[in-house]
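Biologist: I have a model open and want to learn how to read its features. Can you take me through it step by step?

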Amino acid sequence: MSTDSRPRSAHRLPAAVALTGPGIQLREWTDADLPLLVDLFDEVETARWTPLPSPFDADAAREFLAKARLARAEHRAVQLAVTLDGDEPCGVVMLFLGLDERPDQAELAYAIGAAHRGRGLAAKAVRLMTDFAYRVVGVPAVGLRIPPDNVASIGVARATGFVRGDAPPIVRDRRGSAFTLDLWLHRPVP
């Protein structure tokens, strides 16, 4: 049974997802990726901006993958490895179904490993996953939750067509500390 408090979505996810765009492929995680997860997510900037455990060790990697698979089985989320060519993961992009305020919408999140930043992978992954959310899942809008001082993620949001919403910021718990997040929204172009 899930302990996620997000509202249930009426949207369904396909059994398998693989997305390809210019210079990027998003694919399902595999057990072979477990050691690479530690390399990707056990670093200062990931700890600063995400709710992922810190330190992010082998146990955290196994838990991450188990939670991703459970959320997928329950049609609450899909979490894909960001790769250049379908092989080595460079990061993760996640699509969660149901915003806190609007269960019919979706929310994206992502993290790119330190060795892979500065190559436009976050923007490419966000574009692919946003398109997937509209075309395949059928949501009417997609959101990003971004800390107001995360300049890099604000840049990704703007570059991918998201605009700062007028909803008040929300506060979530991140490893026992309050974490303020602004809502950025994307709506499909008619």
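Biologist: Let me start with a single side chain. Is Phe 41 buried or exposed?

Modeller: First, a caution: this is a predicted model. Burial is read from relative accessible area, and under 20% counts as buried. Phe 41 has a relative accessible area of 2%, so Phe 41 is buried.

Biologist: Next, the aromatic rings. How many aromatic pairs does the structure hold?

Modeller: A pair of aromatic rings is described by the distance of the centres and the angle of the planes. This structure holds four such pairs. Take Phe 41 and Phe 64: the ring centres are 5.8 Å apart and the planes stand at 55°, so this pair is tilted.

Biologist: Which helices hold Phe 41 and Phe 64?

Modeller: Phe 41 is in helix α1, residues 34-41, and Phe 64 is in helix α3, residues 58-73. The two are 23 residues apart, and their pair links distant parts of the chain. Phe 64 is buried too, at 9% relative accessible area.

Biologist: What kind of pair do Phe 56 and Phe 64 make?

Modeller: Look at the angle again. The planes are at 75° and the centres 6.4 Å apart, so Phe 56 and Phe 64 are edge-to-face. Phe 56 is buried, with a relative accessible area of 1%. Now put the rings together: one aromatic cluster is formed by Trp 29, Phe 41, Phe 56 and Phe 64.

Biologist: Now the helices themselves. At what angle do α1 and α3 pack?

Modeller: Read helix packing from the axes. Those of α1 and α3 are 9 Å apart and meet at an angle of about 110°. Angles of 65 to 115 degrees count as roughly perpendicular, so α1 is roughly perpendicular to α3.

Biologist: Which residues of α1 and α3 meet?

Modeller: From α1 come Leu 34, Leu 37, Val 38 and Phe 41. They meet Ala 58, Ala 61, Arg 62, Phe 64 and Leu 65 of α3.

Biologist: On to the nonpolar core. Which residues touch the most other members of the largest one?

Modeller: The largest here has 36 residues, and Leu 26, Leu 95, Met 129 and Phe 132 touch the most other members. Several elements give two or more residues, including β2 (24-27), β4 (89-97) and α5 (151-159). Helix α4 gives the most, with 11 residues.

Biologist: What does Met 129 touch?

Modeller: Leave out residues up to four places away in sequence. Met 129 then touches Leu 19, Leu 26, Val 78, Leu 80, Val 93, Met 94, Leu 95 and Leu 108. Apart from this core lies another, of 18 residues, with Leu 37, Leu 40, Phe 64 and Leu 65 among them.

Biologist: Where is Glu 43 found?

Modeller: Glu 43 is in the loop between α1 and α2. Its relative accessibility is 19%, so Glu 43 counts as buried.

Biologist: With which side chains does Glu 43 make polar contacts?

Modeller: Read these from the atom-to-atom distance. The side chain of Glu 43 makes a polar contact of 2.6 Å with that of Thr 46. Another polar contact, of 2.3 Å, joins the side chains of Glu 43 and Arg 117.

How values were computed
Residues numbered from 1 in each chain as written. Predicted model: local features only at pLDDT ≥ 70, side-chain atom pairs only at ≥ 80, totals over all residues. Heavy atoms only, no water. Core = buried A, V, L, I, M, F, W, Y, C linked by side-chain atoms within 4.5 Å. Buried < 20%, exposed > 50% of the residue type's maximum accessible area, 1.4 Å probe, protein only. Helix = DSSP H or I, 4+ residues; strand = E, 2+ residues; numbered from the N terminus. Contact = heavy atoms within 4.5 Å. Phe/Tyr/Trp six-rings, centres within 6.5 Å; stacked < 30°, edge-to-face > 60°. Polar contact = N/O pair within 3.5 Å; in protein donor to acceptor, adjacent residues only side chain to side chain. Axes fitted to C-alpha atoms, helices over the stretch in contact; angles between N-to-C directions. Parallel < 35°, antiparallel > 145°, perpendicular 65-115°, else oblique.
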